[in-house]
Structure formats: C-alpha cells, structure tokens
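Below are my notes on the model, as numbered points. Please read them with the structure open.

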2 protein chains.
Amino acid sequence: MRRVAIGQAGGPTAVLNTSLIGFLDALDGEVFGVLNGFQGLVDGDMIFIDENRRKQISQFNYVPGACLGAGRYQMDYDSRINALKRLHEKRIDTLVFIGGNGTMTALHQLHQTASDIGYDLSVIGIPKTVDNDLAETDHAPGFASAARYVALSTRDISKDLEAMRNFEQVRIIETMGRNAGWLAAASGLLKKNDTDGPHKIYIPEKIVSAETFLKDIKKVVGELGFATVVVSEGLSVHKNSTVEKATVNGRKVLGGISNHLAELVYEELGLTARGELLGMNQRSSQLAISEQDQAEAYDVGKKAGNLVEEECSNVMVSLGRSGGESYEFRTNTVPIEKVSAGGEQRLPRKYIDDPHLYYEWLKPLVGSDLKPFPPMIKRGAIDENKPIRS
Amino acid sequence: MRRVAIGQAGGPTAVLNTSLIGFLDALDGEVFGVLNGFQGLVDGDMIFIDENRRKQISQFNYVPGACLGAGRYQMDYDSRINALKRLHEKRIDTLVFIGGNGTMTALHQLHQTASDIGYDLSVIGIPKTVDNDLAETDHAPGFASAARYVALSTRDISKDLEAMRNFEQVRIIETMGRNAGWLAAASGLLKKNDTDGPHKIYIPEKIVSAETFLKDIKKVVGELGFATVVVSEGLSVHKNSTVEKATVNGRKVLGGISNHLAELVYEELGLTARGELLGMNQRSSQLAISEQDQAEAYDVGKKAGNLVEEECSNVMVSLGRSGGESYEFRTNTVPIEKVSAGGEQRLPRKYIDDPHLYYEWLKPLVGSDLKPFPPMIKRGAIDENKPIRS
C-alpha cells in the first residue's frame with residue numbers, strides 16, 4: 001500500500017477541492033494531507049486523512065478555496081531538503097500537489113533533489129489554474145468557471161451601463177491574467193449584437209498605446225453612446241514611456257490598471273469612466289461554477305489517484321479533447337519537466353486573430369446554457385416624433 | 001381607456017424589467033414607454049408600446065438593466081414644465097415611474113406642478129432599490145437580489161482568503177450603500193462558524209475611528225490569522241480629522257473607501273490587505289437573482305397596473321409582510337409625498353444591536369436555499385506531531 005502526501009498550492013479555484021475529492025475516491029492508500037501548501041510541506045505540517053477526514057473533505061464539493069489551505073511559497077534548496085526530511089520521517093513514497101506552473105516546477109525540483117540524496121520519491125502533479133496559462137494541457141480545471149464568471153459579468157455589467165449611458169459612458173472591466181489573455185478574451189463569449197459588451201478587449205499579448213486605446217474608446221462611444229472595455233490585469237499601456245503596472249501596498253499584487261485607464265479616459269476624453277475589478281469572485285464564486293469544469297476537476301484528481309496505484313512518477317495529469325463534432329475530454333499524462341519548461345501559455349495567435357475560433361473552443365468548457373441578452377427597446381420606424389431637446 | 005406613460009429611473013437593478021413586465025400584463029390601456037428616465041421625459045423621448053414591443057419587453061424577464069433606459073437626471077421647475085408639455089401633447093392621463101427616493105420626489109413634484117397649471121395628471125410610483133433605503137415600505141424589489149450577491153460573495157471570498165492566509169491576511173469588501181448599511185449588513189447572512197467571514201462589518205449608521213478599526217482588525221488576525229471585513233461605500237472613517245470619501249475622476253462617484261482602508265491596514269499593521277469592491281454586479285448579476293425578489297418585482301408592477309385601471313393617483317406601491325410564522329408579502333399603497341418626505345431609511349437600531357433579528361427578517365427575501373460552508377480541515381487531537389518551523 002502506497003504512502004502518499006497531497007497538498008494544494010497557489011491561488012485557489014472554485015473547483016480545487018473537487019480534484020482532492022476525486023483523488024481520495026480513487027486511491028486505496030495511506031494518505032497525509034499537507035496543510036497550507038509548500039510552506040506546510042517544509043514545516044512538516046501534515047495530518048493523516050482517516051475515514052472521518054475523508055468524510056469532512058467530501059463536503060467540500062462545490063466549495064471554493066482550498067480545504068487543506070494553499071498559499072504562495074518560494075522554495076530554495078534548503079527548504080527542499082527540509083521538506084524531503086519531513087516526508088521521509090513519515091515514510092512517504094509519493095508526493096502529489098494540485099497547482100499551476102509554480103507548483104509543477106517545485107515538484108520537478110523536489111524530485112531532482114530527492115534523487116540527488118538517494119530518496120526514491122515519486123511526484124505527481126494535478127493541474128489547476130484560473131488564467132489557463134499551464135503548458136502541455138488543452139486547458140486546466142478552474143479556468144472554465146472563472147471564464148464563466150467573466151463572460152456573465154461582462155454581459156450583465158454592460159447591459160446595466162447601456163441603461164445608464166446618459167449618466168456614465170465607460171466601464172473598464174479588469175480580469176485576472178498577469179501574462180495571458182485567456183480570461184479577458186472570454187468576456188466576449190456572450191456578445192451577439194453590436195451594442196452588447198465588450199466593445200473592446202485588451203490583453204497582455206498585444207501591447208497597446210494610450211493613443212490607440214483612447215481613439216478606440218472615442219469611436220465606440222461616438223457610435224453607441226457608451227463603451228464596455230475589458231482589460232487583463234497584466235496589460236501594459238504605453239504613453240510616451242511605459243505606464244507602470246499597479247502595485248498595491250508596495251507589493252507587486254497586480255490589479256488596478258482599470259482604474260488608471262478610467263482616469264486617463266476622464267482626463268483625455270472628458271467621459272465619465274469607472275474601473276470594475278472583477279476581483280476574487282473570478283476564482284471563488286460558487287454561483288459561476290461550470291458543471292463541465294467540476295466534472296473535469298474530479299476526473300484529473302481521480303486519474304492522479306490511479307497513477308499513484310500504478311506507481312507512476314514525474315508526471316502531471318493533462319486534459320485533451322476529442323477531435324470529433326461534440327466535445328469530449330480525456331485525461332492523459334505529460335512529463336512534469338515539460339510542463340515546467342513550457343512556461344506560461346499565452347493566448348494563441350489564431351484565437352487573437354479570430355475570436356470566434358476561440359469561442360468555439362471555449363463554449364463546451366464554460367457551458368452552452370448561457371444566453372446573450374436581447375437588444376434594448378429603441379425608437380424605430382413606427383415612431384413618428386423624434387425627441388425634442390429644449 | 002387610460003393613456004399612460006411609464007419610465008424607469010435611477011440605477012437599474014436585476015429585477016427592474018420584471019416590474020415593467022408585471023405592469024404591462026395587468027393594464028389594458030394605451031401605453032407609451034419613456035426612454036432614458038426623466039431626461040427622456042423632458043425631451044419627449046417616448047415610444048408607443050404596441051403588441052410587438054410588449055413581446056420584446058417580455059424577453060427582459062431575468063435580464064438586468066433597464067430595457068427602456070434609465071439614468072440619473074435632476075429636474076428643476078423648467079424641466080418639469082417641459083415634461084408636462086410633452087405628456088400633454090400625447091394626451092397622457094397617468095405617469096408611472098419605477099424608481100427609488102429621487103424618483104418618488106420627482107413624481108410628487110410633477111404632480112404638484114401639473115395641478116398648479118390645471119393639468120389633471122395622475123402619478124403612480126413603483127418602488128425599486130438596491131440599498132433598501134426607500135421609506136414607507138417593508139423593503140423594495142432589487143434589494144434582495146443585491147443582498148444575495150453580497151452574502152454569497154462574502155462567503156466565497158472569505159473562504160478563498162482563509163486558504164491563502166499565509167500569503168495575504170486582510171480583505172476589505174466594499175458594498176453599495178451611501179447612507180444605509182442594509183447591504184453591508186447582509187454580508188453576515190451565511191456566517192455560521194467563527195472562522196467564516198465577515199469578521200467585522202462597518203456601516204454608515206455607526207461612524208468608526210481609524211484607531212478602533214485597526215484594533216479590531218489586529219484582534220481578528222491575531223485570533224484567526226486572517227480577517228474578512230465588510231464596509232459600506234458611504235462609510236466615514238475618522239483619523240484625527242475625517243478621512244474624505246473617495247471621489248472618482250473628480251466626480252462624487254462613491255466607491256473606493258475599501259482601498260483607502262487596505263492601505264491604512266498595510267501602513268499601520270504591516271499586514272497584506274486588499275480592497276474588494278463588489279461593484280456593479282451587485283445590482284446586475286443575473287446569477288444572483290432571488291426568486292422571491294423576482295416574484296415581488298412582478299407583483300408591484302402588476303399592482304401599479306391595477307391602480308391605473310382604478311384611476312388612483314399620487315401613490316407608490318409598497319410591500320408589507322404578514323405577521324405569521326411563514327413569510328408572505330402583500331402589495332399595498334402609500335401616499336407618494338410620505339415616501340418623499342420619509343427620506344433615506346437607515347438600518348434600524350434593533351438590527352444593528354441584534355444582527356440575528358435582521359437575518360431572520362432578511363432570509364425569506366434572499367432565499368433559504370443558501371448554505372454556509374463547512375470549516376476547513378485542521379490539525380486536531382488525533383495528530384501527534386506539531387509542525388516544525390526550521
């Protein structure tokens with residue numbers, strides 16, 4: 001029987017706990033839970049997952065966050081040695097983490113350090129992401145629910161703005177995505193009519209100048225009377241020199257470019273503008289959980305459980321899709337060092353050039369139950385009188 | 001047959017269009033739609049609602065925003081005279097608006113000015129609000145869906161923070177509510193365990209000093225390792241002199257106190273803190289629509305349609321609740337000048353002193369389907385070893 005430690009790392013998603021549940025359901029071994037991500041691993045903060053705790057964890061289906069605790073923690077050589085000591089004390093033979101890019105790199109390094117010191121430790125990665133920048137997989141759990149939240153919020157907030165356009169003209173919606181525009185681009189999924197938002201999307205893959213940005217906004221407001229704009233948090237806007245990315249509290253917590261841009265719009269165009277940071281709800285809104293995302297999160301966990309039983313090592317579970325007419329996903333494996341070496345996956349050129357191709361790819365993940373809104377009631381041919389401005 | 005003009009005014013809600021649909025369903029008269037709120041009224045921007053448009057409008061059930069357009073517009077005597085001219089040209093005998101405090105005052109003044117110039121115009125108000133500050137009604141449609149969004153977001157965002165507390169300690173969630181704390185207080189509806197957010201709520205009804213605020217946060221973080229705090233946008237925090245409320249783009253668009261407070265927490269306590277403005281999703285998220293709110297929005301509209309048929313005037317439809325065990329609402333009427341004179345209703349003292357009394361009042365409006373989250377998996381008595389900090 002395998003002795004396994006499993007942890008959750010990085011920023012949580014709405015379906016991160018579901019992957020843990022899938023893992024536990026598939027595995028008939030002795031399992032320790034690592035509390036609070038890699039920091040807990042280094043500190044030896046592990047608990048045995050007995051039957052009672054399995055039951056507790058099963059209540060976290062459809063609960064956002066990370067029921068074991070997660071977090072961001074940078075490991076160096078010394079902390080890796082400490083972590084390996086803690087694992088060795090508990091006679092762990094397999095270490096599993098649910099995480100993103102940083103997590104896969106950390107697992108790969110832990111595996112290498114373990115080999116160097118003669119500790120036969122298997123490592124397995126379970127993918128999770130909100131911004132979909134993970135390499136060597138079609139996509140990863142967590143992203144689809146976040147994309148659903150972004151698409152719905154943009155549709156709703158734009159419809160609200162359209163009704164208020166005599167009072168307020170521009171809303172700049174800011175999504176997660178430090179280096180990749182997957183989430184920001186998802187905002188256009190439910191756009192059907194020209195009046196529907198978003199009217200413009202700006203992503204980190206394409207640097208924009210302040211002049212172009214302002215010209216775009218002016219044009220949209222000229223045509224429609226209002227403009228709903230979506231930007232990634234990691235967008236760079238150049239005005240003479242680079243506009244620096246926002247820092248919060250002196251730390252490089254991203255988020256805030258929308259407020260900078262709203263100020264710019266007001267100063268340069270005299271339009272009332274508001275920044276709308278979609279914030280932590282993007283990764284934690286229970287309401288926006290995609291059923292497909294939920295199912296895939298469970299299955300990547302389950303697959304990892306099977307891989308432990310099969311004594312695999314040094315792999316991440318990946319997701320692929322069938323080439324057929326209707327969407328079907330399958331779990332697969334990929335060498336973990338390839339994921340680590342792959343770095344952050346940006347939105348491919350083909351999707352930037354043809355957003356409809358992207359939306360076709362995205363729709364089955366986010367859910368086909370979502371509908372665009374009807375256009376507003378407008379003056380038409382049957383109305384004899386024009387409004388009189390007195 | 002009555003000749004009626006109906007418009008939507010102020011900030012939209014998620015169920016504002018439903019009241020319009022209820023109104024049209026109940027009325028067998030000739031109806032004109034006023035586009036873009038009171039500005040459209042003054043400009044004579046009205047369209048005849050024929051069968052085709054009734055069908056179009058019926059598609060806006062469960063669609064946020066205002067399908068006729070709304071907006072904020074301050075009317076003076078001259079604009080009232082212009083509005084009355086436009087209505088008289090169309091031989092309108094009844095003017096109906098769906099709106100909040102400002103709308104009811106405007107209707108009352110229009111009625112008075114019409115009387116002064118010998119124009120026999122009936123006025124009827126249909127209530128809507130997100131921040132529940134409307135007088136002479138138990139509550140008003142739009143609030144319950146917004147409260148649902150706030151309660152769910154606080155539950156979800158706090159659970160996410162709890163998992164990340166080693167990285168980030170404080171989130172300050174900002175709700176709508178310029179003068180009243182109804183929405184901010186609703187954030188506590190799904191709190192069950194001590195670890196559940198919100199850990200502190202600050203509302204405009206109770207001015208707080210920066211010193212007390214910081215002491216509160218320090219205490220919660222000391223006990224739990226993190227703190228989820230909810231503040232109303234209209235909160236005043238005193239530090240030596242008053243901290244001024246945030247202005248956006250030089251205009252007094254409220255929203256931003258959370259970021260000021262997050263900076264204060266970082267500077268004074270050295271904790272990583274983030275402001276989370278819940279933003280326009282509060283009033284426009286389709287996902288968060290409360291079924292009860294939806295039903296009541298329809299019924300206040302329907303009631304107004306009946307009142308037009310009965311040739312009533314100078315009243316607003318109000319909502320009352322039965323005194324019995326289970327929640328039942330009934331529509332009623334109240335003189336519109338009483339609503340206008342009543343001003344903005346703040347959260348009553350009894351609800352501030354005993355939040356559970358408030359939650360009992362709130363639960364049937366927001367929906368009893370909502371559940372608190374289970375507490376996180378923690379080290380317990382069965383775990384022999386404590387974590388080792390090396």
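1. In helix α4 of chain B, the buried residues are Ser79(B), Arg80(B), Asn82(B), Ala83(B), Leu84(B), Arg86(B) and Leu87(B). Buried means under 20% relative accessible area, exposed over 50%, and partly exposed in between, with a 1.4 Å probe and protein chains only. The cover over these residues of α4(B) includes β1 (3-8), α2 (37-43), β3 (46-48), β4 (94-99) and α5 (101-116) of chain B. Helices (H or I, at least four residues) and strands (E, at least two) are DSSP runs, numbered from the N terminus.

2. This is a predicted model, in which local features need pLDDT of at least 70 and side-chain atom pairs count only at pLDDT 80 or more, while totals for chains, interfaces and linings use all residues. Residues are numbered from 1 along each chain as its sequence is written, chains are lettered from A and ligands numbered from 1 in the order in which they are written, and side-chain values use heavy atoms, with hydrogens and water left out.

3. The length of α4(B) (residues 77-89) agrees with expectation, because its 13 residues at 1.5 Å a residue should span 18 Å and its end C-alpha atoms are 19 Å apart. The expected span is 1.5 Å times one less than the number of residues. After α4(B) comes Arg91(B), with a positive phi near 55°.

4. In chain A, the axes of α4 (residues 77-89) and α5 (residues 101-116) come within 10 Å and cross at roughly 75°. The pair α4(A) and α5(A) is therefore roughly perpendicular, a class that covers 65 to 115 degrees (under 35 is roughly parallel, over 145 roughly antiparallel, the rest oblique). Axes are lines fitted to C-alpha atoms, for helices over the stretch in contact, and angles run from 0 to 180 degrees between N-to-C directions.

5. On the α4(A) side, this contact uses Tyr77(A), Arg80(A), Ile81(A), Ala83(A) and Leu84(A); on the α5(A) side, Gln109(A), Leu110(A), Thr113(A) and Ala114(A). Contact means heavy atoms within 4.5 Å.

6. Thr103(A) is part of helix α5 of chain A. Its relative accessibility is 5%, so Thr103(A) counts as buried. Leaving aside residues up to four places away in sequence, Thr103(A) touches Ala9(A), Phe38(A), Phe97(A) and Ile98(A).

7. Strand β4 (residues 94-99) of chain A has 6 of its 6 residues buried. One side carries Thr94(A), Val96(A) and Ile98(A), and the other Leu95(A), Phe97(A) and Gly99(A). β4(A) pairs in the parallel sense with β1 (residues 3-8) of chain A over 5 bridges, and 6 bridges join β4(A) in parallel to β5 (residues 122-127) of chain A. Two strands pair if DSSP finds at least two bridges between them. Val4(A) has Thr94(A) as its bridge partner, and Val96(A) stands opposite Ile124(A).

8. Chain A also has an open sheet of 4 strands, in the order β7-β9-β6-β12, with parallel pairing. β7 (200-202) and β12 (273-277) of chain A are at the edges with a single partner strand each, so one side of each lacks a neighbour in the sheet. Neighbouring strands of this sheet are turned by 20° against each other on average, direction ignored.

9. Within that sheet, β6 (residues 170-175) and β9 (residues 227-232) of chain A run parallel and are joined by 6 bridges. Helix α6 (residues 143-163) of chain A packs on the sheet, touching β6, β9 and β12 of chain A, and its direction makes about 170° with that of β6(A).
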